[in-house]
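Student: I have the coordinates open. Can we go through the ligand site, the sheet and the helix packing?

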Amino acid sequence: MSVRPRTRPPVPAGQAPGQARRDRRDNRLGILISGRGSNLQAILDRIARGRLDARVALVISNVADAPGLTLARRRGVKTVVIDHRQSASREEHDRRMAAALEAEGVRLVCLAGYMLLLSPWFVRRFAGAIVNIHPSLLPAFPGIDAQRQALEHGVKIAGCTVHFVNEDLDAGPIIAQEAVPVLDDDTPATLAARILKLEHRLYSDAIALVLSGRLGLEGRRVTGAGRARTGRTGMQRAARRSGRG
Ligand code: GRF
């Protein structure tokens, strides 16, 4: 049986289901960050170029001086700092985030370098409506320092993954992946930079797919996303640069 993932938050208390239906075509994103914000920037750029039919309604950072906040403000995007250290528990923190996101009518929550684990409460509240980008070919190398983990393990192919967020770390159903080669002289920094270029494209592509409402979910398998990129062009480019292609 094919079940569509819910790509919008539940109807808030007191709101008629019909109202939710009227909002179906709405493409408001809420982006959670903790730092640099280059994926946020890539999404904003894609929207500005008219190549992603979405609007960033709110950027939330748990870190007050995250560079991504400055970037968002410069682009006229509403931002809010919700410092997790000011909440007694992760759920309390996440309830504050949910209230801010729902006040903006956010349909899809995008984690973009957000360094905190979400509470089960938040994941259930936005079931099927939270996506994350991770700099490895999941399920390999979840968690922090994924590129260093990949190098140390000695894999020959690395990459990035966009996935729905469930209650486990970097473990939700996979929407899109793209691969790059690992080169002999790579450091965590050079590998991260090569992967990041892909991330900037892949994340917007995956967001567009989710917003299209065309995706289905069969067990863990996300259907309707089309053929995965094999990373052929990225790999060829890197091989050429390293004089091996
Ligand atoms: C990216 O590598 C992303 O995959 C990971 O955190 C990093 C965030 O980078 N989840 P930025 O803040 O988007 O530049």
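Tutor: Ala, Val, Leu, Ile, Met, Phe, Trp, Tyr, Cys and Pro count as nonpolar, Asp, Glu, Lys and Arg as charged, and the others, Gly among them, as polar. This is a predicted model: local features need pLDDT of at least 70, side-chain atom pairs count only at pLDDT 80 or more, and totals for chains, interfaces and linings use all residues. Residues are numbered from 1 along each chain as its sequence is written.

Student: How do the residues of the shell around the ligand divide?
Tutor: A residue is near if its C-beta atom, placed from the backbone, lies within 6 Å of the molecule. Arg 36, Ser 38, Asn 39, Gly 113 and Pro 135 come nearest among the 14 residues around the ligand. The shell divides into two charged, five nonpolar and seven polar.

Student: Which strands are the edge strands of the sheet?
Tutor: Strands are DSSP runs of E, at least two residues, and helices are runs of H or I, at least four, numbered from the N terminus. Two strands pair if DSSP finds at least two bridges between them. The open sheet has seven strands, ordered β3-β2-β1-β4-β5-β6-β7, with mixed pairing. Pairing on one side only marks the edge strands, β3 (79–81) and β7 (174–181).

Student: At what angle do α6 and α7 pack?
Tutor: Axes are lines fitted to C-alpha atoms, for helices over the stretch in contact, and angles run from 0 to 180 degrees between N-to-C directions. With axes 9 Å apart, α6 (residues 146–153) and α7 pack at about 120°.
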